[in-house]
Structures are given as C-alpha cells and as structure tokens.
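Hello,

I am handing over the structure that you will be working on.

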Amino acid sequence: MKRYLVLARAFLASDLQSDRVVPPSGFTARLTVFSAGAMAFLAVFALALSFAAGRLSDRWSDALAQSATIRVSAPQDQIDRQVSAVMTVLETTPGIASARKLPPEETQALLAPWFGPDLPVETLPIPALIELVEGGGGFDAEGLRLRLQAEAPGAVLDDHDRWRRPLVAAAGRMKLLAAGSLLLIGAATAAMITLAAQAALAANGQVIRVLRLVGARDAYIARAFVRRFTLRAAGGAAVGAALAMIAVALIPAGDDGGGFLTGLSFEGGEWIWPVLLPLMAAGVAFAATRAAALRALKGLM
C-alpha cells in the first residue's frame, strides 16, 4: 500500500520539464475536460437511477410480500355466512398473524379513485374484502385456497404474487439498464480521451523525435502525456460530478407513494459513489492514454 502511495505521489508531482512535452491548452485539452465532465454528469444520474430502482424494488417487495387479500363474492343473503366461514378458516390456519374484514366505507374509498367522483360507488354490488397479514413463517397459499373452496365457494385468495413479480422484475431490469449505461459511459470516456491523446501525440510528433534524439525514453514521453490527460480527466469529472450531485439534491423529495421520479436521489452511504467518479475517470484516462501513447510512439519509429 505504501509503495502505491509513493508511486501516486510521484505521478502527481509537478514535472515542468516533462509537462512541456504536452501542449497545456488547445482543443485536446478542452475535449478531454468537456468529455470527462459530461460523462461524469451522466454517470451520476445513472447511479441515482440504479439506487432508486433498488429502493423501489425493496419497497414493493416489502409492501406486498407480507400481506394478502381474500375477496368474497356471493349473493347478499349468503355473503355474511361465507365471510364468517372464511374468518373461521383463517383462525385455524398456521402462518397468519392477523385478519380483518374491511368495512364497506374503506372498500368504497379504495375503489373511488378508479371510478371517479361521478359514479356513486355505494350503489355497486361490491364484494367483501378480508385483509390478512402473514406471520414470520408465512402460510401455505395452495392449502388455504383448497380450504376456502370447501368452506366458502365465493372466496378467492389473492396473495399479490402476480402483482409483485412483474414489479420486482421491472425494477431489476432498470438496475441492469443503469449498470449498462455506466459501462457505456466509461467506454465513451475512454474513446474520447484516446482520440484526444492521439491528436496531441500527432501534433507533437516533431517534438517527440527531437526528444528521442537527445536521449529521452519512450516511457518518459508516455508518462508526460498520461499525467497531463489523467489530471485533465479527473478535473473535468470532478466538476461534472459536483454539478450533477447538486442537481440530484435539488430534485424535490416525495413520500413512499410519491412515485419513481421523486425517489431519484442518493441516501446515506450511496453519496460516496458519485464522489468516487473522478477517481474512476482518472483510472480510465490513465489506461486509455497510456495505451494510446505507447501505440503512437511505436508508430513514430
């Protein structure tokens, strides 16, 4: 570890003689700084999207995994008897922590947003709803369905699995999409910096030939280009990441039911990842510039 710190300190230390090999300004400098900053800006939003998708998936799973609903549809003269039979079955079913029949007012309130204010929901033949909460070990859904079919033919168990699975799958796909976006951003950054480094090497071909004539080694020349482009990429990425973090922090926060966009932010230790982006950009620039420099120096033989 100490050895790597010494190497990093030597790499970052100013070397005025080697810095003269690389032009301090020009379009290659602006291209490197701008591309690193723009890609870091986009990477912060990709990270925020990934973390938001993960939190959304966990929230949906937790909200739907521990509860289920039983819908009882029967003629009015039979519905109370079937509801009573369902409650008796639930009392003797292992793995159910609690169960309650929703009052008609609560059921109507759940349906009102779907039908709108113009339709009197209380006049509709609404089935009775029973909400149950799972215990720690869960319950046997198939066994409960068979018992309900025998005791209350109008009762239908909905364990929310058909709702939970596509939602969790969609959140997982969004996380993969964000991870793919980060990989593309890294590849695009490497390509842009490689082009800028190759342009700088080509523009300074005559200077490099003179340096070789006076005894400069290829490793010394390559290190000069690598150092300059690495620092430019790190600086541009730091600015881009900082601007993106400010933009993410300014997104209005919402409650748990406020939707996906209001959850596009970082929480707690997640903020360390955008802070690390300039270091990652520096690593990408180091590898891309070194490969481009060594390849270009071989071509100048």
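**What was found**

Glu 106 counts as partly exposed, because its relative accessibility is 31%; the class lies between buried (under 20% relative accessible area) and exposed (over 50%), with a 1.4 Å probe and protein chains only. The model is predicted, so local features need pLDDT of at least 70 and side-chain atom pairs count only at pLDDT 80 or more, while totals for chains, interfaces and linings use all residues. Residues are numbered from 1 along each chain as its sequence is written, and side-chain values use heavy atoms, leaving out hydrogens and water.

**Salt bridges**

What does Glu 106 form a salt bridge with? The partner is Arg 100, and the closest N and O atoms of the two are 2.9 Å apart. A salt bridge here is a side-chain nitrogen of Lys or Arg within 4 Å of a carboxyl oxygen of Asp or Glu. Arg 100 is partly exposed as well, since its relative accessible area is 35%.

The structure holds 5 salt bridges. Another one of them joins the side chains of Arg 55 and Glu 267, at 3.5 Å from N to O. Arg 55 is in helix α3 and Glu 267 is in the loop between α9 and α10 (272-299), so this pair ties together parts that lie 212 residues apart in sequence.

With a relative accessible area of 53%, Glu 142 is exposed; with 28%, Arg 145 is partly exposed. Salt bridges with shared partners also join Arg 55, Glu 267 and Glu 270 into one network.

**The overall layout**

The protein has 10 helices and 4 strands. Helices (H or I, at least four residues) and strands (E, at least two) are DSSP runs, numbered from the N terminus. Along the sequence they follow the pattern α-α-α-β-α-β-α-β-α-β-α-α-α-α. There are 301 residues, and 36% of them count as buried. Among contacts (heavy atoms within 4.5 Å) with a separation of 6 or more, 84% are between residues 24 or more positions apart.

**The sheet**

The 4 strands make an open sheet in the order β2-β3-β1-β4, with antiparallel pairing. Which strands are at the edge? They are β2 and β4 (155-158), and each of them pairs on one side only. On average, neighbouring strands of this sheet are turned by 20° against each other, direction ignored. Helix α6 (residues 141-151) packs on the sheet and touches β1, β2 and β4, and its direction makes about 170° with that of β4. Axes are lines fitted to C-alpha atoms, for helices over the stretch in contact, and angles run from 0 to 180 degrees between N-to-C directions.

Strands pair if DSSP finds at least two bridges between them. Strand β1 (residues 67-72) and β3 are antiparallel and pair over 6 bridges. Within that pairing, Ser 67 stands opposite Val 133 of β3, and Thr 69 has Glu 131 of β3 as its bridge partner. Strand β2 (residues 96-101) also runs antiparallel to β3, joined to it by 5 bridges; Lys 101 has Ile 130 of β3 as its bridge partner. Strand β3 (residues 128-134) is largely enclosed by the rest of the structure, because 5 of its 7 residues are buried.

**The surface**

The protein exposes about 17400 Å², and carbon and sulfur atoms supply 65% of this area. Accessible areas come from the Shrake-Rupley method with a 1.4 Å probe; for residues, only the protein chains shown count as cover.

Phe 41, Leu 42, Val 239, Leu 243, Ile 246 and Leu 250 form a nonpolar surface patch, with about 580 Å² of accessible area together. Such a patch joins nonpolar side chains (Val, Leu, Ile, Met, Phe, Trp, Tyr) within 5 Å, from residues with over 30% relative accessible area and no salt bridge. Helices α3 (27-65) and α9 (218-249) each supply at least two of its residues. Helix α9 gives the most, with 3 residues, while Phe 41 has its place in helix α3.

Regards

How values were computed. Patches are made of residues with over 30% relative accessible area and no salt bridge: like charges are joined within 9 Å, nonpolar side chains (Val, Leu, Ile, Met, Phe, Trp, Tyr) within 5 Å.
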